[in-house]
Amino acid sequence: MSWQQVIFDLIIALILVFVLITGFAYMTFAERRVVALMQVRIGPNRVGPFGLLQPLADGIKLLFKEDIVPTQADKPVFALAPMFSLFIALVAFAVIPFTVAFSFTISGNHIAFSGALADLNIGVLYVFAATSLAVYGIVLGGWASNNKYSLLGGIRSSAQVISYELALGMSVVGVLEITGSLKLTDIISFQAHHIPNIFWQPLGFVIYCIAAIAEVNRAPFDLAEAEQELVAGYHIEYSSFRFAMFFMAEYINMITVSAFATTVFLGGPLGPFTIIWPWLSGLIWFLIKVVILLFIFIWLRATLPRVRYDRLMTLGWRWLIPLALLNILATAVVVALTA
Amino acid sequence: MPRNAFLEGTTAIVKGMALTFATMFKKKTTVQWPEQREGVKPRYRGRHVLERYDNGLEKCIGCELCAGACPADCILVEAAENTDTNRVSPGERYARRYEINMSRCIFCGLCEEACPTGAIVLKHDYELADFDIPHMIYTKEMMLVPDPRVVKEKLDRLAQEAGAIR
C-alpha cells in the first residue's frame with residue numbers, strides 16, 4: 001500500500017464528496033424543473049443560463065438566514081444531529097462502485113482502483129449499517145429541538161425508516177443468494193457474466209424500490225416531513241445551515257439508495273458498449289442509470305398523493321416484509337435446485 | 001369479475017404517471033415576464049389616475065368621498081376653493097393635495113365606485129414594485145392625466161412636422 005495509492009484514494013474521496021454535494025445541489029434544481037414541467041409550468045430559469053445557478057442562489061440565501069437555536073434545546077445534540085445525518089449520508093457512498101476497475105502506473109508506482117472508493121468484502125452490509133445509523137440523526141434532531149411536534153415528527157419518521165429498513169435489506173438477500181457474495185464488485189462481475197439482476201429478481205427490485213422511497217422519506221411516503229401535516233416534522237426548529245445539512249442528508253440518501261439499486265439490480269457501471277476508456281464508459285453508464293432512477297423519484301413525487309401514516313406502516317409490515325421473505329424462500333429453493 | 005384493490009391501485013398509479021410524463025411535453029402556460037407580457041382584462045384594477053375633461057379642467061372636485069370609501073384608509077385629500085383667477089375644476093372645490101399610499105392600497109376600486117364625477121379611475125398599470133417605501137406615496141402630479149388640449153396641440157404639431165418632411 002504505497003503512499004501514492006493513499007494519495008490517489010484521498011483524491012478520489014474528495015472528488016466523491018464534492019460530486020455528491022454538487023449532485024445534491026443540482027438534484028434540487030432538477031426536482032424543481034421536472035416537477036414544474038409535469039405541472040404545465042416551467043421551473044426556475046432566471047438565475048444564470050437556464051436557471052443553472054439557482055442552487056447557488058438558494059445556498060447563499062440559506063447561509064444568510066438567522067441561525068436560531070431554541071433556548072431550552074439540548075444544544076450539543078441540536079448541533080450534532082444534522083452534522084451526523086449528513087456525515088452518514090456521505091459515508092454510505094464509500095463502497096458503491098461507480099466505475100469499472102482500472103489501474104495505472106505513475107513513475108514506477110502501480111496504482112489500482114477497484115471501481116469503488118473502498119471495496120469492502122462486506123460492502124452490502126456496510127451500506128445497510130450506514131442507512132440504519134441515519135435514524136439517529138432523525139431521532140436526535142426531533143428530540144433536541146425541545147418541541148412536541150418536532151419530537152412526534154422525529155418518532156414517526158424514525159418508525160417509518162426502521163420498518164422499511166427490514167424490507168430493504170431482505171429484498172437484497174435474494175440477490176446475495178444468487179451472487180454468493182456481499183462484495184459489490186463481485187455482484188457487478190456476476191452481472192457482467194449473466195444479465196442484470198433485475199431480470200433474476202424482479203420482485204426483489206420492486207420491493208427494494210418501494211422500501212427505498214420510504215427509507216428516504218420521499219413522496220408518497222413523506223408524511224413525517226409533510227409541510228401540511230406536521231409543519232416539516234423533525235427539522236421544524238432548524239434554520240439556516242443546520243436545515244441545509246438535513247436537506248442535504250435527505251437528497252444524498254436518495255442518491256445513495258439509487259446508486260445502490262443500480263449496483264445490485266441494474267449492473268452499475270456495465271453497459272452495452274464502451275465509450276473511449278473503460279473507466280469513463282463505466283462512469284457514464286453508472287451516471288445514466290442513477291439519473292434515470294432519480295428521475296423516477298421526482299416523477300413519483302409529482303404524481304402521487306401522500307400515503308396516510310398508518311397505511312404506510314401497514315404496507316411495510318404486512319405486505320413488503322412477508323413478500324420479501326417469500327422472495328428469499330423462493331430464490332433459495334431455485335438456487336438449491338439449480339446449483 | 002370481483003374488484004381487485006391491488007390491480008386497481010397499480011393501474012391508477014401507472015395511468016397517473018403516464019399523464020404526468022405526457023404533460024412534460026405539452027405547451028406550458030408560463031408567461032415569461034418581462035420578455036412576454038400577458039394582457040389584462042378590460043376592468044382590471046391597476047394604478048389610479050385622476051381624469052380631466054376635454055376642456056382641460058380636472059374632474060376631481062375635492063369632495064373626499066373616495067377617502068371615506070377607502071377600506072385601507074390610504075387616500076389623503078385636501079380640498080381648496082376654486083377662485084375666478086384659479087379655476088382647476090368645474091365646481092366649487094378642487095383637490096389641492098391628493099395622495100394615495102400605494103403600499104396600503106388594496107386595489108379594490110371602491111374609490112372609483114364612490115367618485116361622483118369619475119375623477120379617480122383604476123387603469124391597467126400593475127408594474128408598481130419599488131425598493132423604497134416613501135416612493136410609494138403617489139401624489140396628484142404623478143396620477144393626473146396630461147391636459148388633453150396640450151396633448152392635442154403637440155400631436156398636431158408633430159403631424160404637421162411629419163407632413164412637412166414628407
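The views below come from a predicted model.

**View 1. A:Val77 in helix α3 of chain A.** The helix covers residues 75-91. A:Val77 is partly exposed, because 14 other C-beta atoms lie within 10 Å. Leaving aside residues up to four places away in sequence, A:Val77 touches A:Leu140 and A:Ala144. A:Leu140 is 63 residues from A:Val77 along the chain, and 6.7 Å separates the C-alpha atoms of the two.

**View 2. The largest nonpolar core, with 80 residues.** The residues with the most contacts inside this core are A:Tyr208, A:Ala211, A:Ala212, A:Ile252, A:Ile255 and A:Ala261. Helix α10 of chain A, residues 240-264, gives the most to the core, with 14 residues. Apart from this core lies another, of 16 residues, including B:Ile61, B:Cys70, B:Cys105 and B:Ile120.

**View 3. Surroundings of A:Tyr208.** Not counting residues up to four places away in sequence, A:Tyr208 touches A:Leu168, A:Ser171, A:Val172, A:Ala261 and A:Phe265.

**View 4. Chain B, with five helices and five strands.** From the N terminus on, the order of elements is α-β-α-β-β-α-β-β-α-α. Chain B has a radius of gyration of 26 Å, well over the 15 Å from the globule rule for 166 residues, so the chain is more spread out than a compact globule. The C-alpha trace spans about 95 × 55 × 35 Å along its principal axes. Of the 166 residues, 13% count as buried. Among contacts in chain B between residues at least 6 apart in sequence, 70% join residues at least 24 apart.

Definitions and conventions
Residues are numbered from 1 along each chain as its sequence is written. Chains are lettered from A and ligands numbered from 1 in the order in which they are written. This is a predicted model: local features need pLDDT of at least 70, side-chain atom pairs count only at pLDDT 80 or more; totals for chains, interfaces and linings use all residues. A nonpolar core is a set of buried Ala, Val, Leu, Ile, Met, Phe, Trp, Tyr and Cys residues joined through C-beta atoms within 7 Å. A residue is buried if 20 or more other C-beta atoms lie within 10 Å of its own, exposed if 12 or fewer, and partly exposed in between; C-beta atoms are placed from the backbone. Helices (H or I, at least four residues) and strands (E, at least two) are DSSP runs, numbered from the N terminus. Two residues are in contact if their C-beta atoms, placed from the backbone, lie within 7 Å. The radius of gyration is taken over C-alpha atoms; the globule rule is 2.2 Å times the number of residues to the power 0.38.
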